[in-house]
Structure formats: structure tokens, C-alpha cells
Amino acid sequence: SVTKYIKDIAPDDYLTYAPSFGLLALRNKWKTEIYRKNPSLKNKEISLPIVTSGITHGVSTFSDMWVDPDDVIVLPDMMWGNYNMTFCVRNNASIVHFKAFDDKLTRFNIDSFEQVVRDLAKKNDKIITILNFPHNPCGYSLSVAEAQRVAEILIDIAQQGTNVVAACDDAYFGLCFEEETYKESIFSLLAGTNKRLVAVKLDGATKEEY
């Protein structure tokens, strides 16, 4: 009753369970697309993507892998509420906020971001930050200059000896419309820059393809 409607896919490709990391062809295709959509990654080596059950599962898997009890997660004061559930309730970390916007509420507050991450780097051998642009819930996207500055700050902290884990939550990747907006993931500015900096890209495939 089901198979008679499916003409172009072999039964072994849609009736059986997929491997736990996802179909290899899909993973290879998505890796190719990451390079296509992020030209700055050219000549950089990235790992083969792993398929999850959605962006929330991806964030949760990231948390299980990289977040230890009492770790500190750097996030803006405007944030997706599920981060608290995933990082704090599930993995016993704590969140330290920076001010998302400047006093005029028009630009990303790089000064606040830098002060918070540098202060934490002085007290901890590892800092974790979640870079979510276009941002949920406010929709803000970094300009080219802002993205470069954020990357420079994190790379500098790593160069000075603090381990940096930067998760790029790209659930709304591609929804950038102003000319000055950085059109790639900030992952492309961080990946492969320093042995003490781990950049992780979390994609929301269905949202992106919509």
C-alpha cells in the first residue's frame, strides 16, 4: 500500500533504518553545500556532517560532547529559552550574559561581548560561546565588520592559551537581506584558525531549505 506510490527510490533506501550518523550520501552532499555557501572555507578542512533529528537535537548533542558541569556558556541577554534547558538543566552548566545591543539598540554590542569573554578567559581554562546569527529571537545578523571582529576576539583568546569552544547555531542561515550583512556562517572565520579553538557548525536543514 505504500511502496506502490514510490517510484524512484529503492526499497532499501526508504524502508530500512538509516545509519545512526545519517545516510552517507546525504552527509557528503551537505558537506559540499557548506563549502558552496561559505566560500571562505576554501582550502580549510572540516569534518563530515552528522545528521541529527533537528537543530535542538544538534544543540543537545553538542552540549553532551563539550559541556561539563560548572562550565560557563557565554550568551546574549536575549536568547532562545531552550539553551537554558539544554546547557543548564541537562548538563549543569551556567550561563553568563553579555548585552546583545548597544545603548541605541541598533548594533550588536561587541564591547560587551569582548569584555565578558575576556573576563571569563582570565578565570577559566575553557570558555564556551554560542554564536547564533541570524539571531533567535530578535533576527539580528552581524555585518561583515562585526563578524570579523567577533572572530578576531575569540581567536586572540585562543592564541593567549585559553581553550575556546564556539558553537555556530546556524538554524536561520541564509536569511540575510541587507548589503552589509555577513552572508556566510561565522564558522568559516573560526574553523582551522588555532589548535585551542574548536568551531562547531549546527545547521537547521529544513529551515535553511525553506
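A: A residue is called buried under 20% relative accessible area, exposed over 50%, and partly exposed in between, with a 1.4 Å probe and protein chains only. Helices (H or I, at least four residues) and strands (E, at least two) are DSSP runs, numbered from the N terminus. The model is predicted, so to speak of local features requires pLDDT of at least 70 and side-chain atom pairs count only at pLDDT 80 or more, while totals for chains, interfaces and linings use all residues. Residues are numbered from 1 along each chain as its sequence is written, and side-chain values use heavy atoms, with hydrogens and water left out.

Q: Which residues of helix α3 are buried?

A: In α3, the buried residues are Ile 55, Gly 58, Val 59, Ser 60, Phe 62 and Ser 63. As a general idea, an α-helix has 3.6 residues a turn, so residues three or four places apart point the same way. The cover over the buried residues of α3 includes α4 (82-89), β3, β4, β5 (197-203) and α8 (205-209), where contact means heavy atoms within 4.5 Å.

Q: What distance does α3 reach from its first C-alpha to its last?

A: The expected span of a helix is 1.5 Å times one less than its number of residues. Helix α3 (residues 55-66) has twelve residues and reaches 16 Å, close to the 16 Å expected.

Q: How is the sheet to be read, and in what order do its strands lie?

A: Strands of a sheet pair through backbone hydrogen bonds, either parallel or antiparallel. Two strands are taken to pair if DSSP finds at least two bridges between them. Here five strands form an open sheet in the order β2-β1-β3-β4-β5, with parallel pairing. Its edge strands, β2 (94-98) and β5, each pair on one side only. From one strand to the next, the twist averages 25°. Angles run from 0 to 180 degrees between N-to-C directions, and axes are lines fitted to C-alpha atoms, for helices over the stretch in contact. Helix α4 lies across β1, β2, β3 and β4, and runs at about 135° to β2.

Q: How many bridges join β3 to β1, and how many join β3 to β4?

A: Strand β1 (residues 72-76) is joined to β3 by two bridges, in parallel; Ile 73 has Ile 128 of β3 as its bridge partner. Strand β3 pairs with β4 (residues 163-170) over six bridges, also in the parallel sense, and Ile 127 has Val 164 of β4 as its partner. Between these two strands the chain passes through helix α6 (residues 144-159), and this β-α-β crossover is right-handed. The term applies if, with the strands pointing away from the viewer, the path from the first strand over the helix to the second runs clockwise. Further along the sheet, seven bridges join β4 to β5 in parallel, with Ala 167 paired to Val 200 of β5.

Q: Are the faces of β3 covered or uncovered?

A: In a regular strand the side chains alternate between the two faces of the sheet. In β3 (residues 126-131), six of six residues are buried. Lys 126, Ile 128 and Ile 130 are buried on one side, and Ile 127, Thr 129 and Leu 131 on the other, so both faces are covered.

Q: What counts as a salt bridge, and how many salt bridges are there?

A: Side chains of opposite charge can pair when their charged atoms come close. The rule asks for a side-chain nitrogen of Lys or Arg within 4 Å of a carboxyl oxygen of Asp or Glu, and by this rule the count is 17. Lys 29 and Glu 33 form one, with the closest N and O atoms 3.8 Å apart. Both lie in helix α2 (residues 24-37), four residues apart, about one turn of the helix. Glu 33 counts as buried because its relative accessibility is 15%. Lys 29 and Glu 33 also belong to a salt-bridge network with Arg 36, Lys 37 and Glu 208.

Q: Which parts does the pair Glu 114 and Arg 149 tie together?

A: The closest N and O atoms of Glu 114 and Arg 149 are 3.1 Å apart in a salt bridge. Glu 114 lies in helix α5 and Arg 149 in helix α6, so the pair ties together parts 35 residues apart in sequence. Glu 114 is buried at 16% relative accessible area, whereas Arg 149 is partly exposed at 30%.
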